[in-house]
Amino acid sequence: MADIKATLTVDGIEESLELPVYKGTLGPDVVDVRSLTGKNLFTYDPGFVSTAACESKITFIDGAKGILLHRGYPIDQLAENSDYLETCFLLLHGELPTEEEKETFVNTIKNHTMVHEQLNHFFNGFRRDAHPMAIMCGVVGALSAFYHDSMDISNPQHRLISAHRLIAKIPTLAAMVYKYSMGQPFMYPRNDLSYSENFLHMMFNTPCEEKKISPVLAKAMDRIFLLHADHEQNASTSTVRLAGSTGANPFACIASGIAALWGPAHGGANEAVLNMLEEIGDVSNIDTFVAKAKDKEDPFRLMGFGHRVYKNFDPRAKVMKQTCDEVLAELGMENDPLLKIALKLEQIATEDEYFIKRGLYPNVDFYSGIILKAIGIPSEMFTVIFATGRTPGWIAHWNEMISSDYRIGRPRQLYTGSPKRDYPAK
Ligand code: SDX
């Protein structure tokens, strides 16, 4: 793979080091530094800002141009022409499904949406006001207690059935988490509904009344899942890969991804955005909050803004904003006060030198919360929605790694602690 090289000279090391450089299909070249340990050298890159941790064919992001491709297809084209389950198939298998493949995949997922009845009992140990992500971490990890028949990760069929079970069951568990917090009975999935209709059915219907699901809201839900489906080597996906590299079962790996996603710097940002918009309260307060976000002495950051990779508009935010307009129009909420604050905040921030200079633009989390709130989903459930959407991406990366010649992930460090010293004589 390496037809170009990088040459490294290090004071104290006589000969210069020749390091292979690899070119991908798109994106920056990478320097293979694996030979450095032989020279008693490590690379140093806290936060992995400049580190390619793996080779992957699933998703490509160009942060400068605001480009996001899933298996080569631009996210805006998928959002316009595809749907969530078709995108799940694409992420997992690398190609869009034929009509027949899609029908088989949709039916397979449908037939795995129920969870084992014993799982219902796991919820009773939680307080009703437990954070939904705390329960999701628990019950998704617990799934591994039910499938001992198919957890040989070296078996492609076991990996495929686990992928189907996770894509199918996580929305059911997500809805159960919400119902538990509401003190309402769990709703069983229905096989006559589409994936997103089914999710909204399990979330908002009750045994007393099963309302017809709005096709506009179901389409918006489907699009939100699709926009969250995958995003290259982000923190939670890298966590799933690292957990998977030890040979842990796929349910435990996805539970580790859910835990990592919870943080407000990552998937927890959508909940934090809504809390921020509600704290701002009125467009007249925006300047105060923008000033706080720019003040280095103030830990406050503008939630929903900025991204490790995108230094331009997050392409998902553009589609999310369009979906936001559609949903609010459908619900007659065009004058939603939070949307007004969000639009004004976006305008002020994207015209402000501090944000422009640092490439801080709205990211996927900035508008999603307004849509979810309009649909009736409480803010503490937002990251659960993100985790539900991201499941196929996590699985696709886990499967890509386990199918390849992988090694256990084990980073090193720059040690600056105490040199060796003896225990004081008594
Ligand atoms: C997601 O990685 C992924 O792909 C994630 C994700 C996915 O789909 O998986 O896209 C989902 O996590 C989106 C991001 C959601 N998080 C937020 O909206 C939280 C607010 N954003 C920030 O916390 C921050 O922008 C991060 C965490 C997203 C990115 O942090 P980086 O890459 O480490 O950037 P940084 O902290 O080094 O910031 C660079 C500069 C700093 O200022 P200087 O030191 O250069 O003066 O920009 C400033 C930061 O202080 N800055 C912000 C800011 N984000 C960065 N200042 C104010 N408000 C912000 N939101």
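A polar contact is a pair of N or O atoms within 3.5 Å; within protein, one atom must be able to donate a hydrogen and the other to accept it, and residues adjacent in sequence count only if both atoms are side-chain atoms. This is a predicted model, where local features need pLDDT of at least 70, side-chain atom pairs count only at pLDDT 80 or more, and totals for chains, interfaces and linings use all residues. Residues are numbered from 1 along each chain as its sequence is written, and side-chain values use heavy atoms, with hydrogens and water left out.

**The ligand**

| Residue | Ligand atom | Distance |
|---|---|---|
| His231 side chain | oxygen | 2.5 Å |
| Arg308 side chain | oxygen | 2.7 Å |
| Tyr354 side chain | nitrogen | 3.1 Å |

Taken alone, the ligand exposes 1100 Å², and the protein buries 78% of that. Such areas come from the Shrake-Rupley method with a 1.4 Å probe; for residues, only the protein chains shown count as cover.

**Aromatic rings**

The whole structure holds 16 aromatic pairs. Rings of Phe, Tyr and Trp (its six-membered ring) pair if their centres lie within 6.5 Å; planes under 30 degrees apart count as stacked, over 60 as edge-to-face and the rest as tilted. Phe313 and Tyr361 form a tilted pair, because their planes stand at 45°, with ring centres 5.8 Å apart. The two residues are 48 residues apart in the chain. Phe313 sits in the loop between helix H11 (286–294) and helix H12 (315–330), and Tyr361 in the loop between helix H14 (353–357) and helix H15 (365–375). Helices (H or I, at least four residues) and strands (E, at least two) are DSSP runs, numbered from the N terminus.

Phe313 counts as buried, at 16% relative accessibility. Buried means under 20% relative accessible area, exposed over 50%, and partly exposed in between (1.4 Å probe, protein chains only). Ring pairs also link Phe305, Tyr354, Phe355, Phe366 and Tyr367 into a cluster.

**Helix H2**

Helix H2 covers residues 84–93, and nine of its 10 residues are buried, so the rest of the structure largely encloses the helix. Among the buried ones are Tyr84, Glu86 and Cys88. Asp83 caps the N-terminal end of H2, with a side-chain oxygen 3.3 Å from the backbone nitrogen of Leu85. Gly94 follows H2 and has a positive phi, near 95°.
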